[in-house]
Amino acid sequence: MLAGEEGPATARMLELIVALGEVFGAERLVPVESAHVSGVSYKNLGEAGLEWLEEQADLGAKTRIRATLNPAGMDMDLWREMGIPEEFARGQERVIRAFERMGVEPTCTCTPYLIGYTPGFGSQVAWSESSAVCFANSVIGARTNRESGPTSLASAVTGLAALYGYRLEEDRRPGAVVNVTVELRDPMDYSALGYLTGKRLGTTVPYFTGLGRPSLESMKALGAACATSGGIALWHGEGVTPEAEAMEGHLEGLERIAVGRAEIEEAVAWLTKLLDDPIIALGCPHSSLREMEEIAGLIRGKDLGGRLWVFTSRGVYAEAERAGYVGAIEEAGGRVYRDTCMVVAPLREMGWTEVATNSFKAAHYLASMGLETRIGTIRELLEETRG
Ligand code: F3S
């Protein structure tokens with residue numbers, strides 16, 4: 001491959017993986033089963049990123065394993081209704097076309113594991129998108145590093161990754177114990193815990209005790225937030241995650257941190273301002289069917305006048321539509337968008353300045369873009385909204 005026998009694009013992609021392996025001292029390459037590719041929004045890629053992708057496609061880059069795509073900067077069908085500028089939409093369409101030419105499935109979601117793309121326990125994969133990485137490593141027990149857009153694409157094209165980091169048993173061990181001393185009641189509480197933990201531990205693997213029985217939604221929220229304020233790619237939860245029991249022998253002497261109600265409330269306060277007329281943005285990471293059901297149930301009979309945006313994948317959307325949740329949300333003046341989210345869509349350019357959300361990840365990035373934010377549970381945000 002490196003000698004160019006499988007074409008110049010494949011050789012280039014493998015060069016990238018080998019270079020990475022050399023930097024991190026990998027002894028060899030390993031085959032990977034799937035890739036999840038980020039770096040899709042035209043907002044982040046710009047012309048330079050788009051041209052690089054088109055160049056790879058022109059050179060004949062083709063995926064040889066199953067490869068899925070992260071969210072784009074707009075709903076690929078409803079972008080006009082979202083208020084996306086025409087020029088942005090044209091750039092975004094070219095990005096998706098380039099990925100499709102290379103064989104990447106245009107799933108446009110950060111939750112491929114909710115639409116049937118679930119790797120097996122212990123399998124090697126090459127996923128980018130930090131929240132999906134955290135879910136794959138921690139909840140599923142697959143093995144991936146925090147890949148970037150280009151390295152996950154390189155793995156998709158070559159079917160290989162360099163063997164280092166979270167692909168190795170010893171690097172999956174915890175480096176700190178986080179004792180949760182309060183009952184966590186809502187995915188937003190888990191999101192707060194993740195945000196606190198990432199801020200405190202940076203990239204250290206946490207071992208949580210006292211997590212209770214988190215729902216899938218709570219686990220996706222926890223990992224997304226852990227990966228936002230820090231660079232956490234893997235967490236273990238006592239009695240919760242598949243590798244936790246095997247880690248019990250490695251806890252002695254580790255730093256211990258306690259998190260109670262006061263810490264959770266403090267984290268909420270960091271990203272909460274008093275807002276005048278915010279848009280409520282839910283679905284970071286992309287909403288599950290259960291979240292769609294909850295939202296639909298809470299807003300029946302209201303008129304939100306377009307001030308609620310819910311983000312999800314096409315797969316979950318189709319199920320939610322069949323179950324009547326999409327109709328219920330739209331009847332109450334909310335909108336459901338696919339393929340994108342509140343962070344990768346050009347929200348500021350579309351005139352929004354205030355956002356209320358249940359996701360620390362979303363609030364963190366929106367605040368860093370200069371928007372005012374408020375954190376609350378789905379119930380709090382929807383019940384307090386006029387309409
Ligand atoms: Fe997904 Fe966008 Fe949040 S990609 S994790 S919904 S920032």
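A pocket, on a 1 Å grid over the protein atoms alone, is an open set of points with protein on both sides within 12 Å along at least five of seven lines; lining residues have an atom within 4 Å of a point. A volume is the space filled by probe spheres set on the points, which are joined across faces, edges and corners.

This is a predicted model: local features need pLDDT of at least 70, side-chain atom pairs count only at pLDDT 80 or more, and totals for chains, interfaces and linings use all residues. Residues are numbered from 1 along each chain as its sequence is written, and side-chain values use heavy atoms, without hydrogens and water.

**Exercise 1. Describe the largest pocket and its lining.**

Step 1. Take the volume: about 440 Å³.
Step 2. List the residues closest to the centre. Of 25 lining residues, these are Asn-70, Glu-129, Val-343, Val-344 and Lys-361.
Step 3. Find the main contributor. Strand E10 gives the most to this lining, with four residues. (Strands are DSSP runs of E, at least two residues, numbered from the N terminus.)
Step 4. Sort by class. The lining has 12 nonpolar, nine polar and four charged residues. (Ala, Val, Leu, Ile, Met, Phe, Trp, Tyr, Cys and Pro count as nonpolar, Asp, Glu, Lys and Arg as charged, and the others, Gly among them, as polar.)

**Exercise 2. Characterise the second largest pocket.**

Step 1. Its volume is about 250 Å³.
Step 2. It has 14 lining residues; Leu-275, Asp-276, Pro-278, Glu-384 and Thr-385 are the closest to its centre.
Step 3. The lining has six nonpolar, one polar and seven charged residues.

**Exercise 3. Work out the order and edges of the four-stranded sheet.**

Step 1. The order is E8-E7-E6-E9, in an open sheet with parallel pairing. (Two strands pair if DSSP finds at least two bridges between them.)
Step 2. E8 (236-237) and E9 (255-259) each have a single partner strand, so one side of each is left without a neighbour in the sheet.
Step 3. E6 (residues 176-180) and E9 pair over five bridges. Val-178 stands opposite Ile-257 in E9.

Note on methods:
On a 1 Å grid over the protein atoms alone, a cavity is a set of points where a 1.4 Å probe fits but cannot get out, and a pocket is an open set with protein on both sides within 12 Å along at least five of seven lines; lining residues have an atom within 4 Å of a point.
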